[in-house]
Amino acid sequence: MSPTITAFESSPDRGRGLARDMRVRWALEEVGQPYEVRLVSFKAMKEPAHLALHPFGQIPTYEEGDLALFESGAIVFHIAQRHGGLLPEDANARARAITWMFAALSTVEPPIVDRSFAVLLERDKPWHEARLPMLEDRVRHRLGELSRHLGEADWLDGAFSAGDLMMVSVLRRLDGSGLLEEYPTLCAYIARGEARPAYQRAFDDQLAVFTAASSR
């Protein structure tokens, strides 16, 4: 039985691959696991049927048999554990790859999300112009640390892993901000992730949802 994931019926990112179901789609494509997608509206996300799968009324969710998961990081971790290709066989390398998954979600993503919310929701607030530079400096601090660690390497720790999948996904949230361009090493890193055939298949599938919705 193929797993079923949920995704936005009408994606707020206009098909740019930023919604968090993209991370799950990419992981499934990397391991060669077929899957089904159930599209949900914003209204349906707050109704009992969806809340039974995701108590916070968000996407994505993952269903396979009697297993139901939520949170993109947990879902990608489950996929990586269950299938070969996203976590190294060596125990120490595997642990480091998992560490990078947590780093992407717990260390790098929060300041990026804080900046995004400020840009989207606080433009009309009197403190916006004074606060935004502070938020962007926090993002730059993390990007600088990450860029120094990556150096000339293709991936964060040896071969491509679930840690890179999550990190590239997180960094792409800065698309259009102008901040990434200050770190050519990270731009090249993201480009390597986007060039992977599994990424391209996942992106095309997510974009097709938006294209179909906008043509109605």
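Tutor: Rings of Phe, Tyr and Trp (its six-membered ring) pair if their centres lie within 6.5 Å; planes under 30 degrees apart count as stacked, over 60 as edge-to-face and the rest as tilted. By this rule there are seven aromatic pairs here. Keep in mind that this is a predicted model, where local features need pLDDT of at least 70, side-chain atom pairs count only at pLDDT 80 or more, and totals for chains, interfaces and linings use all residues. Residues are numbered from 1 along each chain as its sequence is written, and side-chain values use heavy atoms, with hydrogens and water left out.

Student: How is the pair of Trp26 and Tyr199 arranged?

Tutor: In general, a pair of aromatic rings is described by the distance of the centres and the angle of the planes. For Trp26 and Tyr199 the centres are 5.0 Å apart and the planes 80° apart, an edge-to-face pair. Helices (H or I, at least four residues) and strands (E, at least two) are DSSP runs, numbered from the N terminus. Trp26 sits in helix H1 and Tyr199 in helix H8 (residues 197–214), so to speak distant parts of the chain, 173 residues apart.

Student: Are Trp26 and Tyr199 buried or exposed?

Tutor: Buried means under 20% relative accessible area, exposed over 50%, partly exposed in between (1.4 Å probe, protein chains only). Both Trp26 and Tyr199 are buried. Another edge-to-face pair is Trp155 with Tyr189, at 5.9 Å centre to centre and 65° between the planes. Trp155 lies in the loop between helix H5 (128–150) and H6, and Tyr189 in helix H7 (residues 184–194), so this pair ties together parts that are 34 residues apart in sequence. Trp155 counts as buried at 12% relative accessibility, and Tyr189 is buried at 0%.

Student: Which residues do ring pairs link into a cluster?

Tutor: The cluster holds Trp26, Trp155, Phe160, Tyr189, Tyr199 and Phe203.

Student: Next, helix packing. At what angle do H3 and H6 pack?

Tutor: Axes are lines fitted to C-alpha atoms, for helices over the stretch in contact, and angles run from 0 to 180 degrees between N-to-C directions. Helix H3 (residues 72–82) packs on helix H6 (residues 162–171) at about 155°, with the axes 10 Å apart. That makes H3 roughly antiparallel to H6 (angles under 35 degrees count as roughly parallel, over 145 as roughly antiparallel, 65 to 115 as roughly perpendicular and the rest as oblique).

Student: Which residues of H3 and H6 meet?

Tutor: Contact means heavy atoms within 4.5 Å. From H3, Ser72, Gly73, Val76 and Ala80 meet Ala162, Leu165 and Met166 of H6. By class, this contact of H3 with H6 has five nonpolar, two polar and no charged residues. Here Ala, Val, Leu, Ile, Met, Phe, Trp, Tyr, Cys and Pro count as nonpolar, Asp, Glu, Lys and Arg as charged, and the others, Gly among them, as polar.

Student: What covers the buried residues of H3?

Tutor: The cover includes helix H1 (21–31), strand E3 (61–64), strand E4 (67–70), helix H4 (91–121) and H6. Those buried residues are Ser72, Gly73, Ile75, Val76, His78, Ile79 and Ala80.

Student: How do the axes of H3 and H4 cross?

Tutor: They come within 11 Å and cross at roughly 165°. That makes H3 roughly antiparallel to H4. In this contact, Gly73, Val76, Phe77, Ala80 and Gln81 of H3 meet Arg94, Ile98, Met101 and Leu105 of H4. The residues divide into six nonpolar, two polar and one charged.

Student: What about the backbone? Where is Pro60 found?

Tutor: Most residues other than glycine have a negative phi, and most peptide bonds are trans. Pro60 is in the loop between helix H2 (48–51) and E3, and the peptide bond from Ile59 to Pro60 is cis, with omega near 5°. Glu71, in the loop between E4 and H3, has a positive phi near 80°. Glu71 is partly exposed, with a relative accessible area of 38%.

Student: And which residues is Val139 in contact with?

Tutor: Val139 is found in helix H5 and is buried, with a relative accessible area of 1%. Leaving aside neighbours within four places in sequence, Val139 is in contact with Pro111, Ile112, Arg115, Leu174 and Leu179.
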